[in-house]
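Biologist: I would like to learn how to read strands, helix packing and chain contacts in a model. Please show me one.

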Amino acid sequence: MGIEFERVNYQYTGIDEKGYLALADVNLSIEKTGEFVALIGETGSGKTTLAQHMNALLTPSEGRVRIFGLKISKETVKGGKLRLNPIRQQVGLVFQFPEYQLFEETVEKDIAFGPKNFGVSDAEAKERAKKAIRSVGLDESYLERSPFNLSGGEKKRVSIAGILAMEPDVLILDEPTSGLDPLGRNGLLEVFSRIHRELDKSVVIITHDMNTVYEYANRVLVMREGLLVYDGDPLKLFSRRNVENWNLNMPDVLKLQRELEERFSLTLNTWPRSRGELLKALEEVLS
Amino acid sequence: MRNIVIGRYVPGSGFLYRLDPRAKLLALIILIVAAFLIDSFLHMAVALAVVLLLLLAGRISVKRVYLGLRPIVFLLIFTFIFQVLFNRQGELLFELPLHFTLLSVPVLVLAVFFWGFTKKFIRFRLIYFIALIVGIFALLHYIDQGIMFWNPTFAVFDEGLQTAFFIMLRLIIIVTLSTILTITTKPTDLNLGLEHILKPLKIFRLNTEEIAMIIAISLRYIPTLLDEANKIMLAQASRGVDFKEGNLKEKVMQVVSLLVPMFIISFQRSDDLANAMEARSFVPGRNRTRLHVLTWRALDTACLLIVGLFFMAALSTRWL
């Protein structure tokens with residue numbers, strides 16, 4: 001019982017009377033544990049809108065979302081009696097430009113802000129802040145600094161730490177690695193992957209990077225003009241012919257494999273996830 | 001928050017879009033002054049009809065302008081109530097002695113609490129609120145037992161009612177006219193128009209181009225900053241900020257968590273904008289040529305003449 005979407009439509013009411021349909025008839029179910037979901041699609045395809053439904057920041061215009069058994073729909077939210085706040089602790093959402101949410105005097109206070117809002121004691125929140133700052137690859141000396149004197153990448157890490165410190169059951173990340181250097185990006189992805197592996201929590205990550213999708217995800221969702229057009233195995237996605245139709249790139253490893261296959265007229269009947277695996281497959285074929 | 005239309009340009013066609021911004025600005029000023037000159041029901045009705053006609057002729061959706069009026073409804077009600085309460089001129093229309101006593105005040109407080117608790121379960125909240133107001137008056141009038149603190153009389157006078165009504169209508173006219181201007185005029189055109197209108201102030205050594213630029217930029221950034229505020233509210237809600245609930249201390253924290261990022265974003269945006277302007281060789285105070293030069297056409301003259309006629313008519317109601 002995790003997050004379930006049932007025939008969800010979402011319409012942005014704009015200044016013109018028509019409005020804009022950002023989600024159209026989305027059906028989807030994400031388990032509480034064990035999933036590493038990559039959410040991909042062009043800009044404006046509805047990825048962020050979908051993510052914001054997952055912790056009840058947005059309410060569907062039609063249809064309903066069930067988050068850990070709590071039914072979110074226009075009717076249930078309307079009265080204002082539904083307590084949405086606990087959901088935000090259970091489902092942690094990292095925004096696309098999380099650095100704008102920083103506001104406290106020190107990094108430590110800012111990371112502790114989320115946990116404290118959910119009733120965690122001061123001492124415990126500080127303890128969590130220490131743990132969180134280390135897990136995003138910064139050392140504890142950062143805790144005493146002002147969040148506004150950090151570089152862009154550091155700000156991003158601190159704000160992600162702010163969500164991690166809330167210890168959510170499901171983690172949703174809206175393009176967490178945009179604007180980071182390759183080394184920093186891989187480091188952060190390892191953090192998310194570890195949370196997924198070691199704590200067995202589900203992670204949903206919005207990304208434009210096909211390598212991330214291919215290497216880490218065990219499930220991929222493709223959004224296109226508000227429709228959920230693909231939901232399944234990343235391997236099958238990249239084996240499909242219509243990858244080009246959806247404006248997706250091939251992951252580097254697969255590109256390399258294809259190149260090798262063409263140049264040396266080989267056929268490798270594998271789907272290597274990393275360069276190491278590709279190398280192993282090559283060795284097997286050559287020996 | 002996305003529905004706020006103040007200062008927003010909405011593309012469209014119609015003669016209002018083709019008018020010179022200078023003509024539109026002048027017409028706006030003249031019409032606003034005219035709205036303050038007239039003071040009878042008939043003339044007010046005529047003025048409202050003219051505004052409505054303008055909306056229809058310009059093919060602007062009345063619904064959109066009504067949405068623009070919504071944020072000022074509170075202001076309208078507030079001024080109306082104050083005028084009715086404190087303007088005690090003319091003939092007495094209605095009188096109701098009120099008793100604030102040792103008994104009626106606690107009953108009043110109880111009634112408000114009762115309303116606060118039960119309003120969640122009532123479907124027609126506006127009607128319920130009106131019922132509360134009427135109920136409060138009834139309570140204060142009929143319960144006169146106990147020690148009296150204060151014994152005012154609620155009275156409505158015909159002139160008070162009339163002025164209150166007029167002020168409300170004038171505000172509606174002014175806001176509607178200004179909304180028409182911003183809906184039909186591109187920010188850049190508005191900027192140009194303002195620059196021309198403000199030119200006479202140059203004799204006081206005011207840098208009118210800069211003033212016009214400042215006004216145009218602030219108008220332009222209202223919707224952008226609202227969007228940003230919305231985003232930050234969502235981001236903080238994800239961190240457990242419940243903007244609907246909380247005691248005073250928590251409320252302060254909520255506001256701080258919104259305001260600090262807003263300040264930073266505004267400074268950052270203005271810095272970016274300044275850099276972008278400089279990168280395009282903008283030098284404050286330097287004479288610049290224009291890509292689009294404003295052209296005054298016969299339509300503009302005709303428009304100003306008609307507006308001038310309205311003004312003369314309004315003036316004549318006052319002194320003839």
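Biologist: Which residue does Ile3(A) stand opposite in β2(A)?

Modeller: Ile3(A) faces Ile30(A) in β2(A). Before going on, note that this is a predicted model, in which local features need pLDDT of at least 70 and side-chain atom pairs count only at pLDDT 80 or more, while totals for chains, interfaces and linings use all residues. Residues are numbered from 1 along each chain as its sequence is written, with chains lettered from A and ligands numbered from 1 in the order in which they are written.

Biologist: How many bridges join β1 of chain A to β2 of chain A?

Modeller: Strands are DSSP runs of E with at least two residues, helices are runs of H or I with at least four, and both are numbered from the N terminus. Two strands pair if DSSP finds at least two bridges between them. Here seven bridges join β1 (residues 3–12) to β2 (residues 20–30) of chain A, and the two run antiparallel. β1(A) also pairs with β4 (residues 62–67) of chain A, in the antiparallel sense over five bridges. In that pairing Ile3(A) stands opposite Ile67(A).

Biologist: In what order do the strands of that sheet lie?

Modeller: The order is β2-β1-β4-β5 in chain A, an open sheet of four strands with antiparallel pairing. Because β2 and β5 (70–72) of chain A are at the edges with a single partner strand each, one side of each has no neighbour in the sheet. The twist averages 25° from one strand to the next; such angles run from 0 to 180 degrees between N-to-C directions, with axes fitted as lines to C-alpha atoms, for helices over the stretch in contact. Three antiparallel bridges link β4(A) and β5(A), and Arg66(A) stands opposite Lys71(A) in β5(A).

Biologist: Which strands form the open sheet of six in chain A?

Modeller: The order is β6-β7-β8-β3-β9-β10 in chain A, and the pairing is mixed. β6 (91–94) and β10 (227–232) of chain A are the edge strands, each with a single partner, so one side of each lacks a neighbour in the sheet. Neighbouring strands are turned by 15° against each other on average, direction ignored. β9 (residues 219–224) of chain A runs antiparallel to β10(A), joined by five bridges, and Val222(A) has Tyr230(A) as its bridge partner.

Biologist: At what angle do α3 and α8 of chain B pack?

Modeller: α3 (residues 41–57) and α8 (residues 158–184) of chain B pack at about 20°, with axes 11 Å apart. That makes α3(B) roughly parallel to α8(B), the class for angles under 35 degrees. Residues are in contact if their C-beta atoms, placed from the backbone, lie within 7 Å. Among those making this contact are Met44(B) and Leu48(B) of α3(B), and Phe166(B) and Ile173(B) of α8(B). The residues divide into 11 nonpolar, one polar and no charged. Ala, Val, Leu, Ile, Met, Phe, Trp, Tyr, Cys and Pro count as nonpolar, Asp, Glu, Lys and Arg as charged, and the others, Gly among them, as polar.

Biologist: How many residues does each chain give to the contact between chain A and chain B?

Modeller: Chain A gives 21 residues and chain B gives 20 residues. On the side of chain A, α3 (85–90) and α4 (107–117) are the elements that give two or more residues. That side has nine nonpolar, 11 polar and one charged residues.

Conventions: Parallel < 35°, antiparallel > 145°, perpendicular 65-115°, else oblique. Contact = placed C-beta atoms within 7 Å.
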